[in-house]
Each structure stands twice: as structure tokens, then as C-alpha cells.
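Subject: Structure handover and notes

Hello,

Here is the structure for you to look through. My notes on it follow below.

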Amino acid sequence: MTYLKFLCVLVTSVLVAQSDTNPTAGLKNLAPPNSPAFVLMDIAPSNIIVPDNIQAFSIQTINAFSGNSKDGLGNNNYAVEFQPYWYVKREKMNFFKYNNLKTDKPEGETISVNDYTRYNVFGDVWKKASVSLALMDGTFNVFEVPQSFVSVGVRTRLLTVKTKNQIAEIKSQYTGYEEFMSSPEVIAVFANPSLSLSEINTAINSLEGYQTIVQNFEQSIQRKPFFALDVAVAYSHFMGDKSQDMDDAFGRLGFWATGDLAFYTPTIGKQSHVHIYGVFRYLRDGLNLDPDSGELRIENTTDYGAKIALELDKLSFGYEYITRDSENNNEERSIGSIRYKISEAFTINGGFGKNFVSEGTTVVLFGIQWGLDFDSSVVLDPNR
Amino acid sequence: MEAYNVGTNAPIKLKIAIETEAIPMSYAFLYHTIDDKEFFSSIPPFDPTQKTGWKQLDGGNPVNGTILRVLTFLRFFNDFPDEKTFKLAIKQVEDTYEPSINGGDDGPYTIPFKLKAFYENKSCVLESGIKLI
């Protein structure tokens, strides 16, 4: 067990060191608490896992305030999550491949935008894959005092489907951008040898029409796919407590699959969507007390349910209802969640409702994301 | 500025290799001297990830005694959650960008480049220059 603890601390330290990130200084690279390693323990605001816009490396934390003290989360709930894609050298990568468009033209030949006739529905599997590792304390309705757990999780997007119109829009925007960047006014900027690289960048960004073209292009690219299937797997290990004569033991093992049908609603907002999610989760749960022996025992449970969410440009809120079929009883999770981006540097995440382990009492969860390397509205360290 | 020995060979050709999620647009200009403000010949702007082959300088004419300047402008259209992730994408550009010249007495040669990235604009500019002697 000592070796496991040491390994966890070592891995966390290496990741932090490699990321050039100091989590106590400026609190940069904090992210919403939605990694599989957190969600597995039912302590995240949402039980839906979507691998969207994950940072290359992030540190996540969560605090909980509950009407029922038996939920008892401690103060040491941290996770790190990273995307291997950003750390591995690219091979044959280009804009179209990144956006899952494929061509049948042989390698080495000149390719035009109209040669991209096929769409790779599995194209996001590697790009969106992330690995998370969490350390957390809690009673989880089983222990009298908070106990420590180590979790590891992986998530990715298994399937991505874009409509023909979405693909045609991307190609059309590319053509428009290429034409603009080949225009005489753009060539004149690059042909001027007296301009520095910064001055060239400023001059291009100041050209009339450039901002409109790139903003429209970005909106086309960032439109949600019509359908996406996200999957995740996570395992949590109970670290044991020698002072209470408890050995380390199996904690929880979970597998998630989330289907997301997204309807674009431009009349509400430029990037607004109505999402209908279908959710499936298999859970092998070792956090159950045998009433006779008082020992921990393992139960298998299956969750299925749905979530509807309205995603506006800055505000998103949703409601999820999930049924859990277990060996001894059936439970429900009925939670509303809300996320508001106050600025690029400050986002509030919340959840409220009835959780699986709350025995009918309300649970309120709260997470904050801030200091994302923009103009931070919260500076905790005056030296930064 | 480094030099490349083209002798009286023709054509001299340029190729740019790059692996990136961004859209790169490359521009190549020939000047008579290093102090010229106006180029005398250029290659039409191109996306080097789509037009991957060799491109002739000055329509295949001899270009000895001139200065070649190559610039590539990148614009990312994917969303970056933070600057750290953007910098990792730029590191990939730095590691894979190769402006090469060929047709001279010394065979293929990769031209050194300088790079500057701009997180606020999600853009990046790369520049290379070489004397063709």
C-alpha cells in the first residue's frame, strides 16, 4: 500500500513538474471538477462525462456542502487530468485531418478542398483522449470518518457525426479564408521586409474583413457535432486506514457511455445548442457495508437515464435523471446543474438535487474555475 | 544570413513541410539585394499542407545572386482552453516546420527559421531568409 501511495504522489509530482505549473501560484490550470476520477465517486456537479475542451494539463478541485453530514467530503479532493495528444509529435496532421475530413487522393499530390469527400467518425478518439488521477477524502455514506481514495480514469469521444451541411460549411469557410489570405493586400504585408513578425501579425489582424472571416470560420468549426458518443472508464481504490485496522481494498470501477444529440439553435445565441443526452453507466461498487458482518462488500449496479441541457453562449443549465438498478435496491439521481462563465477567467459550476447516496436529502455541490491564463479577475498571489 | 550555393543551376525549388492543426499560408519572395523593399518575383500564396510538392523559384529561371525570403502565417481555428495548451500546439509547429530548398550544387537544404506565436490571436508567424549564391 505504501508503494501505491508513493507511486500516486510520484506520478502527480512528475505531471506537475512537466507542465511547468505551480498550483499554489496564481492557481493557473484549474478546471471544472468533471474528470472521470471525480465523477466515479458521485461528487461532481454532473454525472455526465463529456470530453470537450479539456486542457492539455489541469488540476481540479471540489468542495461540497451537504445537508447531510454523512456525505462527509473532506477538504483534500484533487485531481490532475492531461491529454496525451498535445504531448506526442504529430504525423501527417493538417487542418482537415484535425477536423476529421478525409481524402482518397494519394499522398504527395496537390489536394484541393473539394477532394475531402469523406468523414472519419472515429477521428476524435485519440485527440480527445485524456487520463485523470484523483486523490480524495470522504465517508461516502459508509465510513464514520473520511477515508482516502485514489482514482484513475480515462475518457474520450468514440464517435463523432457531423451533418453534410456542417461539413460543407467548413469547406466553404476554408475556401473564403484561403482566398482572403491570397489577396494583394495580404501579400503586401508579408512582402514588406521592414516589418517584424509582431508587426506582421498586427497588420494582418487589423486588415478590414479579416476578423469577420476568422470569427465566422471559428463558429462553423466549433458547432457541436450532430451526434457524439463519449465513453469513460475509471477505477477508485480505498487506501485503507491502519489506525482503524482497515486494509486497502477495491473501491469502485465504473464505465460510462454518453450519447449527445445536439440541435443548433442560432435564434437563441450564436453558439447555443439544445442537448439531449442518453446515459449508461456500469458500476462495480465496493463501498457497501454488509449489515451483518460490518465488512465492505461489492455490489454491481447499472445506471441509465437522460439529461436535457440548454447551452447558451455563457450560461448553461440542465437537468439529469438517472436510475440505478442495484442488487439490493434501486436508487435515483435527480440533479439540476448550472454553469456560468462570468469572464474568460472565472466560471462557476453548481449542482443541486438528490444524489444516489444522499438518502433523500438535498445535496449542493459547488466548483469554481478561475485564472485560465486570460486576464484573470482573481489573483490570489500578489506577486503574479 | 546563411547562403546556399545554386551556381548557375535552374530551376531552384522550394518545399515547406509542417504538421499542424492550424491553417498555414506560405509566401515566398525574391529580392535582388538584402536592402530591397520590393520583391522582383514571388510564388503565389499556398497552404503547404495541401500543396506539398516542390515549387520553382522565379518560374524556373536562374536565381543566383538573389535573396529568398519565406514566410508562413498560421491561424488556429480549434478552441484552446488555456495558453499552456496553445504553447504545446506551437511546440509541434516548431518541431515539424521545414522550409527546404533544392536544385543547387549542395542538394536539399533546410533553411533556418524564426517563430513568433500570438495566443490572443491564435496565430503564429514564421520567417526564413537565405542568400542564393
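Which backbone nitrogen lies 3.1 Å from a polar atom of the side chain of Thr20(B)? That of Ala22(B); a polar contact here is a pair of N or O atoms within 3.5 Å, where within protein one must be able to donate a hydrogen and the other to accept it, and residues adjacent in sequence count only if both atoms are side-chain atoms.

This is a predicted model, in which local features need pLDDT of at least 70, side-chain atom pairs count only at pLDDT 80 or more, and totals for chains, interfaces and linings use all residues. Residues are numbered from 1 along each chain as its sequence is written, chains are lettered from A and ligands numbered from 1 in the order in which they are written, and side-chain values use heavy atoms, without hydrogens and water.

Thr20(B)
Thr20(B) sits in the loop between strand S2 (13-17) and S3 of chain B; helices (H or I, at least four residues) and strands (E, at least two) are DSSP runs, numbered from the N terminus. With 1% relative accessibility, Thr20(B) is buried (under 20% relative accessible area; exposed is over 50%, partly exposed in between; 1.4 Å probe, protein chains only). Not counting residues up to four places away in sequence, Thr20(B) touches residues including Met93(A), Asn94(A) and Phe95(A), contact meaning heavy atoms within 4.5 Å.

Core
Phe95(A) is among the residues with the most contacts inside the largest nonpolar core, which has 37 residues. Such a core is a set of buried Ala, Val, Leu, Ile, Met, Phe, Trp, Tyr and Cys residues joined through side-chain atoms within 4.5 Å. H5(A) gives the most to this core, six residues. The backbone oxygen of Phe95(A) is also reached by the side chain of Asn99(A), at 2.9 Å. Asn99(A) is buried, at 12% relative accessibility.

Salt bridges
There are 19 salt bridges over all chains, each a side-chain nitrogen of Lys or Arg within 4 Å of a carboxyl oxygen of Asp or Glu. One of them pairs Glu218(A) with Lys122(B), with 2.7 Å between the closest N and O atoms. This pair crosses between chains, from helix H8 of chain A to the loop between strand S9 (114-118) and strand S10 (123-132) of chain B. Glu218(A) is buried at 14%, and Lys122(B) is buried at 12% relative accessibility. Another bridge joins Asp285(A) and Arg252(A) at 2.9 Å, N to O, and both residues are buried.

Regards
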